[in-house]
Amino acid sequence: MSASLGLGILVLTLIISLYAVGAAIAGTRMHSAQLIDSARLATTITFPLLTVVILIMVYLLATGHFEFAYVYRQASLQMPLYLNITALWGGQSGSLLFWAWLLSGASAIAVRQAWKHEKPFTPWVVVVTMFTLAFFLLIVTFVDNPFARIWALSDGQVVQSMIQPAGSFLIYPPNGLGLNPLLRDPGMVFHPPMLYLGFVGFVIPFSFAMAALVTGRSDSAWLRLASKWALVAWVFLGIGLVLGSRWAYTVLGWGGYWGWDPVEVAALIPWLTGTAFVHSMSIQEKRHIFKRWNIALIVLTFCLVIFSTFLTRSGILDSVHAFTQSSIGPMFFGFICIVFIASLGLILWRWKLLESEGKMESFFSRESAFLFNNLLFVLLTLICLTGILLPVMSDLFNSTKLTVGPAWYKQTTGPVFAALLLLMGIVPLTAWGSTAAKSLGKKIWKPAVVSLLVPLILILTTALNWAGILALWLLSLITAVTLFDYGNAVFLRARGQDEDILVALAKVTARDHHRYGGYIVHIGIVMIALGVVGIEFYQAQTQVTVGLNSSINLEGFQVTYKNLTESATADGVDIARADVTVSRNGKTIAALSPRRDYYPLYQQSVTVPGVYSSLAEDLYVVLVDWQPISADAATFHVYYNPLINWFWIGSVVMVLGSILAYIPSRPKAGEKKEEQ
Amino acid sequence: MMKSRRVLSSFSVMLMLALLAANASQALAQSPVSVTDDDVNRVASQLYCPVCENVTLDVCPTDICARWRESLRGKLALGWTDQQVIDYFVAQYGASVSGIPPKEGLSMLLYGVPPAAAVLLLAGGFLIVRKYKAVKPAATSPASPAAARSDGYRKKLEDDIEKELER
Amino acid sequence: MMPDEPTLTKKVEPNRLPGWVIVLSLAALVGFLAIIGSSLNKKSTPAFKIGDPIPEFTLTSFSGETYNSSELQGKVVVLNFWASWCVTCADEAAALQKVWTEMQPGGNVLFLGIAWTDTEVDALAYMDRFGITYPSGPDLGTKVSQLYRISGVPETYIYDTAGNLAAVKIGPFESETEIRSIIEGLLPEG
């Protein structure tokens, strides 16, 4: 009953979204305000409708209606309720439905904004968002429907179908298979929705850009509407990526957080162009230059969002992350062709219209720094695209499978990331318009001298590791520059206004929160980079088989094997759990229990590491092997991951900084908003 | 492991010969060496499980991977170098088991595209800045854009610079 | 130039981008899409369909004989991809060997095992365990399996005496009879 309701509403929403596209186009052609109005209304109504569909789906998952193929595959009586609900985005059709739902919500808001602020944009925002929505609903309805049920035909065959085949009866499996063991983690609650929010978020600025192109508005009107969306989408996508790497770190048991797996790279690519966009959009807002660039960049970002979704779901990429079914490939490809060609066509058509009015005055200006920042992000995008597409091309042209591993990515992206960091370090010293080389030099020497302390201390106290020392010096230089600049402002204010330093700090930050929020973002990035440097240049690891009460030594830590227990849970998961103690300088500092969970149903094991964490380092212990019955000996892989926690801390700082930087200013009479 | 050496199947003989020819002194002269798990992992981390995509051999938990690690250990015990072992695996299981594609044919794109793109983009960047700079005298009086926006942030920033330079 | 105020609408200039720029950009995009499209197409269609001639490859068996695919005509060829670690391969191994023992004397049939991603020790142990006597060899560099774009093991390709693909079995054979009936249908009468 509820299922046919869900299916019915799904089809209805599909029809409504198609109607909205048609009505919007017809409305503009016939100059009918009435038609446009109804298109707008149609767009708004898709959200409550899809909300009902989502609620029904959640209900089916939560209550274990295993007669639905999707529920049978993704949910299980053994999984806790929250995981059964997250199963909504655990499989292909559910996650596409989820995508569509988020998109309908965003579209409703976007259309409202367009209507309020830039009326002529409205029909085109409707066309872009509802066309995209219709595409997703088309797949969810006709290709991979989450409401399909399992039927037994009269000849004994079992099929899944939305409609009852003649002479068949419904099968009610007593239990479902449940999520893939690797997905049964609290990480499942936030990681996918954040990524999807990021992906969906980029549809909206794209729709504003397209609206501007179609209507021929060459000014920054579209950008004023798009910038907030782009920022929010960018932050969500960033959070999604970081949560994913955190999840990989705590569950996958390979001692790292980012493996340059093709699907990871595919999700990173839109973030790279998105990052370029959130930087360059502020240049257009302030300097009226880079108009073409901004349009091209947001269009590219959206295209890459769609493209990477396509790559991971069409079966083109071979990856642990890839969804297995590839039936949606051809349809998705058709959608991509339409989006890519229409976007490029529109840009080419309006190219001349988008001439910039502003200008740049110096190589040392902030806008030129932003330009090079953008070019470096585009370079990263190209590198990543090359990396994921080469195996595809090799398979196509040479029928040879290839793997492009982390070594290549590190070699190629490493220098670019370093250049970006360097650029980020000097940006606070540049000004809009121009900065004389001399004043740049004057401002940089003090922090530069201070930052030299770090490599000096490192050389004196640690083993020589030139690459690591160079990287850490770069980070300390950036930190010093940022803090000097920040500190100057604070001290000046404290002295000038005779305030306490902390009060001055708060007030300076509050008065120009766009700028100092940006500084906090930069500090966050430095922290993230610190974590990366720690793993890349200072990680140590060893794998040893030890007897009971024997120890493994690594970087001053002692890991002692104490015990091993094997047990099976009620739902048939075999768990091997080792108990180890971690000590340093003869003092026990932690007891860890690395595990290996084996899921016979999936013939898959999940490695759960035991981690001792501190600000300085992680000791990451993985149970590799053991002697089954006696437990006399076990093999452990121990990783020493210095500074890794700064990666996560930095991510949080970065998000907080972003929020601080972009909360709307309190409007002051007669003063226009300024950002960054 | 010794068994595999004794079985004189032609492919392994051929392969051995090729490898020996390439690095005869090393492979022959060394007596069986003791191989630690760390040695195995060092090489295994550069190899990919031939069956499960994009999982490196050192952390792959499947039975098959355990066997490949044993095979790898056997090769190291014979005194093979890391590179010899990797080359052997590539010959056996195809180029996709190595994370570094061979520098030939299509794969040259991996080594050509990034530097070429870097040069083009950076050159383009300099040209853009120069072009924008060149517009300057023709467009408006040099001072006006800055002066026009001397409100708010811009002014504060300039003040900051001034003050800072005074210190 | 009005840098102070955002321009609302610039007057529409009649000029467009030069035609060659437009054509070139669109051509580049279409080329890119063509690559992606054909890759998708290639991934979703099998490498060979019934009736296709046997492709060119060479296999050297564990016991040292070399088989060149172009020299196999005149016999029914059963090309079986397997691996020692594969559970379902073990299900059909005995049946394959049984049929081979029956048909080998006739001289009209050739079974060829292709060991996919296997270590030699494990492969030989597996052949020992099931008493496999038909020639089997390692797929060096996984070249043959990539040629056939196998999706896993076991997979079996059966060619008729003219060297054309006659039957494909993805997954294990269910019984000896299944194997036997396919082969017998392909053998010359009498």
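1. A disulfide is a pair of cysteine sulfur atoms within 2.5 Å. In chain B, Cys60(B) and Cys65(B) are joined in this way, with an S to S distance of 2.3 Å. The torsion about their S-S bond is about 70 degrees, so this disulfide is right-handed. Both cysteines, Cys60(B) and Cys65(B), are buried. Buried means under 20% relative accessible area, exposed means over 50%, and partly exposed lies in between, with a 1.4 Å probe and protein chains only.

2. Some notes on the model and its conventions come next. This is a predicted model, in which local features need pLDDT of at least 70 and side-chain atom pairs count only at pLDDT 80 or more, while totals for chains, interfaces and linings use all residues. Residues are numbered from 1 along each chain as its sequence is written, chains are lettered from A and ligands numbered from 1 in the order in which they are written, and side-chain values use heavy atoms, with hydrogens and water left out.

3. How many disulfides does the structure hold over all chains? The count is 2. The link of Cys86(C) and Cys89(C) is right-handed, with 95 degrees about the S-S bond. Cys86(C) and Cys89(C) are buried.

4. Chain B has 9 helices and 0 strands. Helices (H or I, at least four residues) and strands (E, at least two) are DSSP runs, numbered from the N terminus. Read from the N terminus on, the elements of chain B are α-α-α-α-α-α-α-α-α. Of the 167 residues in chain B, 41% are buried. Among the contacts in chain B with a separation of 6 or more, 52% involve residues 24 or more positions apart; a contact means heavy atoms within 4.5 Å. Chain B exposes about 8400 Å², and carbon and sulfur atoms supply 63% of this area. Accessible areas come from the Shrake-Rupley method with a 1.4 Å probe, and for residues only the protein chains shown count as cover.

5. A search of the whole structure finds 21 salt bridges over all chains. A salt bridge is a side-chain nitrogen of Lys or Arg within 4 Å of a carboxyl oxygen of Asp or Glu. One of them links Glu70(B) with Arg73(B), where the closest N and O atoms are 3.5 Å apart. Both residues, Glu70(B) and Arg73(B), belong to helix 5 (residues 63-77) of chain B and are 3 residues apart, about one turn of the helix. Glu70(B) counts as partly exposed at 43% relative accessibility, and Arg73(B) is partly exposed at 22%.

6. The closest N and O atoms of Asp52(C) and Lys49(C) are 3.8 Å apart.

7. Lys98(C) and Glu176(C) also meet in a salt bridge, at 3.2 Å from N to O. Lys98(C) lies in helix 2 (residues 87-103) of chain C and Glu176(C) in helix 5 (residues 176-186) of chain C, so the pair ties together parts that are 78 residues apart in sequence. Lys98(C) counts as partly exposed at 42% relative accessibility, and Glu176(C) counts as partly exposed at 26%. Through salt bridges that share partners, Lys98(C), Glu102(C), Glu176(C) and Arg180(C) are joined into one network.

8. Chain A has an open sheet of 3 strands in the order 2-1-3, with antiparallel pairing. Its edge strands are strand 2 (158-161) and strand 3 (169-170) of chain A, each of which pairs on one side only. Two strands pair if DSSP finds at least two bridges between them. Strand 1 (residues 149-152) and strand 2 of chain A pair in the antiparallel sense over 4 bridges. Trp151(A) has Val159(A), in strand 2 of chain A, as its bridge partner.

9. Helix 1 (residues 2-29) of chain A has 28 residues and reaches 40 Å from its first C-alpha to its last, close to the 40 Å expected at 1.5 Å a residue. The expected span is 1.5 Å times one less than the number of residues in the helix. Just after helix 1 of chain A, His31(A) takes a positive phi of about 50 degrees.
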